[in-house]
Amino acid sequence: MNDTIALIGSGPTAIYCLRRLLSSARPLEITVFEKEAVAGRGMPYHPAVNDRAMLANIASIEIPPIGETLVEWLDRQPPEELDRLRVQPAQINDREFLPRVVLGEYFKAQFDRVVATGRAAGHTVTIKAGHEVTDVALQRDEIRVTVSRPDLPSEHYAFGHVVMATGHSFPDLTEVKPGYFASPWPAPLLKDIPAGRVGILGTSLSGIDAMVTVATSHGTFYHDEAGLLEFHRAADSEGLSIALMSRKGMLPEADFYFPIPYAPLSICTDEAVDDLIASGRDDLLDAVFALFCEELAAADPDYAAKIGLAGLTVETIEAAYFADRQESDPFLWAALNLAEAKQNYETLTTMAWRYAILRMHEVVARAVPHVNARDLKRFHRHFKSLFVDDYATVPHASIERVLALRRAGVLDIVALGGDYDLDIDTPERGAIITRPEGELVFDTLVDATGQGGLTADEIPFPSLRRQGGVSKASARSEGQVQIGSQPMAEQETGGIALDSFFRIVVEQPLSNRLYCLALPFLLHQFPFVQGITSSHELGETVANAILADIGRPDFHSPEAVLPEGRVPEFLV
């Protein structure tokens, strides 16, 4: 068992993990289970899940290379393959945003290359596509996995290490009632939405992508003689109207230019935040917020003065950050912001305050798993949205599509506020949203609010739930500071309790070599783990932990684990 490893999933996180594992000089036995018929793409980039019009919001320069960069892979594709992918040679550069399905083909090619290289180096790599893992059970010195295939008996396997790299989790049934879609995925289902009153919950890129998918089934985007993107409704789709809705009623901003790799921070640094964490202080969030403000003020004093940064708190900074945008017409703001973003790309100009916040999001995230329960709620309620808004900017083409639909009289933006009710139990098709201003009635409503967090009770493997092999994540109560070995009062926070290597915390005498990199169970304490750069970091962290564990002479003992919080020497 000691050298046997299972990866559940074959998307980017699994690929980065696999690549690091296969760098081992010691031969390993690795099995990759993928429920889709073809391994290596990942749900966010799979052609069966995404419409071809959907754009990725990450460019080649930001993707950690696997064997080659996205641009290098595209450069060696023959013209007929680029035609199939609908990529023009002029589009190929390291900052271009391409369709999601193109990234899926890139990851598939890199996955195949990693597997071939690993096999040539003497590793045993078995790919089981079309195999869905339906159960995981912990034993004392192994982990048992149950796998299902259509119309065939279940199969059972045992491994020394198992990595849950299952990515996003969305409902199996998308259209849960006529006219109500609980998720925009798989996107091709949205193509059948009739031309009527369509509401989309969510104004982020997922909401915009759902909007584009619906729109392109009822009309065409085209460029006019001046090069402006416009939209023409089909003759039989005059009844189409789309409303993008969110609490604030704001669109994301256009991708902005910034140097890569990141310039170093000088105040809110990894070391400074780690020192605050090590102090064990109960006001950790406020101490980190002070570092954030100091760094932001140093980076852009004019912006700091404009929003009154010196007088802001964790509770008040969100309102100050969004104030100008929330008071403006969302389409006018989008047009002005897009023009500014395009100009800054042409002149290679970086907005200092935006770049500072972007660089700080991963630094601030280091502290989130260590704050008390009250401050964790404060972080999610008031502070997190700044970072999400800053790093979740969207391709320029996405904003151009929004503005084209607005000019065509198809699109509106609705600010729902915090006091609204969604009724999907209507006898008629669609749903009704009730708010103080009145009712919004939709023939079709799509929930595109994105991936939500899941709890330990929602883990998809019944044996784990039944045997109590999964603990709920928790944080210490406010005012509780560790003194010696005295236990602290804790409150559940959502998600799964994990150690510093993302191993599921097990209190029973069972194997603790089950690693959870499944996104929904990480979000509450690791709020910024969405994205390919996070896939790279998570995959390599777990692979390094497995390789360190396998290399221990006392591996066969289930108690022979790296002490909590200790990092292998090669990671220091």
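Rings of Phe, Tyr and Trp, the last by its six-membered ring, count as a pair if their centres lie within 6.5 Å. By that criterion, this predicted model holds 25 aromatic pairs. One of them is formed by Tyr 257 and Tyr 345, with 5.6 Å from centre to centre and 80 degrees between the planes, an edge-to-face arrangement. This pair links distant parts of the chain: Tyr 257 belongs to the loop between β13 and α6, Tyr 345 to helix α10 (residues 330–347), and 88 residues separate them. Tyr 257 is buried, at a relative accessible area of 13%.

Phe 258 lies in the loop between β13 and α6, whereas Tyr 355 lies in helix α11 (residues 352–365), so the pair ties together parts 97 residues apart in sequence. Phe 258 is buried, with a relative accessible area of 6%, and for Tyr 355, also buried, the value is 6%.

Two arginines sit over aromatic faces. Arg 359 lies over the face of Tyr 355, 4.2 Å from the ring centre. Arg 354 lies over the face of Phe 256, at 5.6 Å from the ring centre.

The loop between β13 (241–246) and α6 (270–279) also contains Lys 248. With a relative accessible area of 16%, Lys 248 counts as buried, because the cut-off is under 20%. Its side chain makes a polar contact of 3.0 Å with the side chain of Glu 318. Leaving aside residues up to four places away in sequence, Lys 248 touches Glu 318, Phe 322, Gln 326 and Ala 415.

Elsewhere, aromatic residues gather in a group. Phe 289, Phe 292, Phe 379, Phe 383, Phe 387, Tyr 391 and Phe 528 form one aromatic cluster.

The remaining feature is a sheet. Strands of a sheet pair through backbone hydrogen bonds, either parallel or antiparallel. Here three strands form an open sheet in the order β15-β16-β17, with antiparallel pairing. Its edge strands, β15 (421–423) and β17 (438–442), each pair on one side only. On average, and with direction ignored, neighbouring strands of this sheet are turned by 20 degrees against each other. Three bridges connect β15 and strand β16 (residues 431–435) in the antiparallel sense. Leu 422 has Ile 433 in β16 as its bridge partner.

Methods
Residues numbered from 1 in each chain as written. Predicted model: local features only at pLDDT ≥ 70, side-chain atom pairs only at ≥ 80, totals over all residues. Heavy atoms only, no water. Helix = DSSP H or I, 4+ residues; strand = E, 2+ residues; numbered from the N terminus. Buried < 20%, exposed > 50% of the residue type's maximum accessible area, 1.4 Å probe, protein only. Polar contact = N/O pair within 3.5 Å; in protein donor to acceptor, adjacent residues only side chain to side chain. Contact = heavy atoms within 4.5 Å. Phe/Tyr/Trp six-rings, centres within 6.5 Å; stacked < 30°, edge-to-face > 60°. Lys NZ or Arg CZ within 6 Å of the ring centre and 35° of its normal. Pairing = 2+ DSSP bridges. Axes fitted to C-alpha atoms, helices over the stretch in contact; angles between N-to-C directions.
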